[in-house]
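Biologist: I would like to learn how to read charged side chains in a model. Please take me through it.

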Amino acid sequence: DDHYKWRAMRVAGIPEQYITGSASALDKFKMWGRTVEKLIGCPLYYWTHLELNRYFGIAEPLTEGSAESIFHRANEMLKTPEYSARALLRRMNVQALCTTDDPADDLALHLKLKDEDMGFKVLPAFRPDSALNIAAPDFASYMERLGRSAGIAVTSMDSLFQALNACMNRFERAGCLLSDHG
């Protein structure tokens with residue numbers, strides 16, 4: 001999933017069911033192929049082909065017509081150990097992979113991976129957007145969730161700051177080095 005690709009698909013008139021909807025992965029990829037045909041000159045065109053060529057050895061241009069064949073070839077490769085997520089990240093020489101995490105997230109998987117030697121680090125990034133979006137319809141229930149996560153009842157600005165601080169401390173223990181704000 002890539003919001004840049006989704007935006008390009010929407011601009012190209014692709015129905016939402018083929019972007020974030022219920023269409024099959026193959027049908028979504030075919031619609032991405034249809035979109036790519038219109039993107040010559042856009043970085044997304046070149047990035048798509050670089051990824052296919054560099055990591056899968058597929059030099060054939062992605063089009064709506066070639067999408068099914070490319071989809072099946074790439075998916076067969078992804079079933080092998082050489083194409084596991086970790087193997088691909090090592091092949092790409094990734095040193096650190098940062099995820100986007102909400103302050104209320106428990107980070108259990110990050111703590112599990114923290115000391116594992118994978119050849120790269122997996123680190124959480126603190127993204128407090130939900131804690132700042134007072135106009136969201138679920139803001140009150142989010143404050144309850146945040147408070148449970150931090151072990152602090154959020155009933156005032158002071159308690160909100162205390163809860164966020166407790167969450168930041170949890171993120172720091174999990175290896176967090178940065179924050180990402182929408």
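Modeller: Start with the term. A salt bridge is a side-chain nitrogen of Lys or Arg within 4 Å of a carboxyl oxygen of Asp or Glu. The whole structure holds 10 salt bridges. This is a predicted model, where local features need pLDDT of at least 70, side-chain atom pairs count only at pLDDT 80 or more, and totals for chains, interfaces and linings use all residues. Residues are numbered from 1 along each chain as its sequence is written, and side-chain values use heavy atoms, without hydrogens and water.

Biologist: Which residue forms a salt bridge with Asp102?

Modeller: Side chains of opposite charge can pair when their charged atoms come close. Here Asp102 pairs with Arg145, with the closest N and O atoms 3.9 Å apart. Asp102 lies in the loop between S1 and helix H6 (108-113), and Arg145 in helix H8 (residues 139-150), so the pair ties together parts 43 residues apart in sequence. Salt bridges that share partners join Asp102, Asp105 and Arg145 into one network.

Biologist: Is Asp102 buried or exposed?

Modeller: Buried means under 20% relative accessible area, exposed over 50%, and partly exposed in between (1.4 Å probe, protein chains only). Asp102 counts as buried because its relative accessibility is 14%. Arg145, at 35%, is partly exposed.

Biologist: What about Asp101: how far away is the nearest side chain of opposite charge?

Modeller: Lys and Arg count as positive, Asp and Glu as negative; His and the chain ends are not counted. For Asp101, that nearest side chain is Arg145, 9.1 Å away. Asp101 is buried and has no salt bridge.

Notes. Helix = DSSP H or I, 4+ residues; strand = E, 2+ residues; numbered from the N terminus.
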